[in-house]
Amino acid sequence: MTRIHTSFASALFAVVFAASPAFAQEHEHHQHQAEAASDAAPAQDWTPAEVRRVDAAQQKLTLKHGDIRHLDMPGMTMAFRLKPGLLNAEQLAALKVGDKIEARIEQQQGQLVIVELRPATASN
């Protein structure tokens with residue numbers, strides 16, 4: 001199993017967990033909102049994937065991904081746009097072919113977009 005590059009994992013965790021001193025309070029607020037909204041819409045799944053190509057100029061990642069259940073899409077290899085502002089240039093440069101990640105993917109204006117990204121958990 002390929003290990004996630006330490007620089008990518010460190011940069012991504014720094015963004016996710018050190019965004020602000022109020023992260024825990026904000027996270028709890030969003031968790032309550034998500035629970036309230038869970039009856040209204042199906043939850044988006046984290047999809048396991050392996051990075052196959054990084055296109056920094058176009059802000060795209062080509063992923064070999066598992067099933068995207070909430071979109072009824074089987075696993076395959078394809079390119080996805082990144083949500084604007086999701087990763088800065090340093091974080092994108094730290095992503096390498098073979099990195100194991102998990103992504104949340106949405107359909108927006110007819111395109112599939114990665115809206116969240118994190119290093120894969122050890123179980124994937």
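Student: Leaving aside neighbours within four places in sequence, which residues is His 65 in contact with?
Tutor: Contact here means heavy atoms within 4.5 Å. By that reading, and skipping neighbours within four places in sequence, His 65 is in contact with Thr 47, Pro 48, Ala 49, Met 73, Pro 74, Gly 75, Met 76, Met 78 and Phe 80. Keep in mind that this is a predicted model, where local features need pLDDT of at least 70, side-chain atom pairs count only at pLDDT 80 or more, and totals for chains, interfaces and linings use all residues. Residues are numbered from 1 along each chain as its sequence is written, and side-chain values use heavy atoms, with hydrogens and water left out.

Student: Is His 65 buried or exposed?
Tutor: Buried means under 20% relative accessible area, exposed over 50%, and partly exposed in between (1.4 Å probe, protein chains only). His 65 has a relative accessible area of 4%, so it counts as buried. It lies in strand β2; strands (E, at least two residues) and helices (H or I, at least four) are DSSP runs, numbered from the N terminus.

Student: How do I read strand pairing?
Tutor: Two strands pair if DSSP finds at least two bridges between them. Strand β3 (residues 76-82) and strand β5 (residues 111-119) pair in the parallel sense over two bridges, whereas eight bridges join β5 to strand β4 (residues 100-108), and those two run antiparallel. Look at Val 113 in β5: Arg 81 stands opposite Val 113, and Val 113 is also the bridge partner of Glu 106.

Student: How many salt bridges does the structure hold?
Tutor: A salt bridge is a side-chain nitrogen of Lys or Arg within 4 Å of a carboxyl oxygen of Asp or Glu. The structure holds six. One of them joins the side chains of Asp 45 and Arg 69 (3.1 Å, N to O). Asp 45 is in the loop between α2 (23-37) and β1, and Arg 69 in the loop between β2 and β3, so the pair ties together parts that are 24 residues apart in sequence.

Student: And which residues share partners in a network?
Tutor: Glu 50, Arg 52 and Lys 100. Glu 50 meets Arg 52 at 3.5 Å, N to O, and its closest N and O atoms with Lys 100 are 2.8 Å apart.
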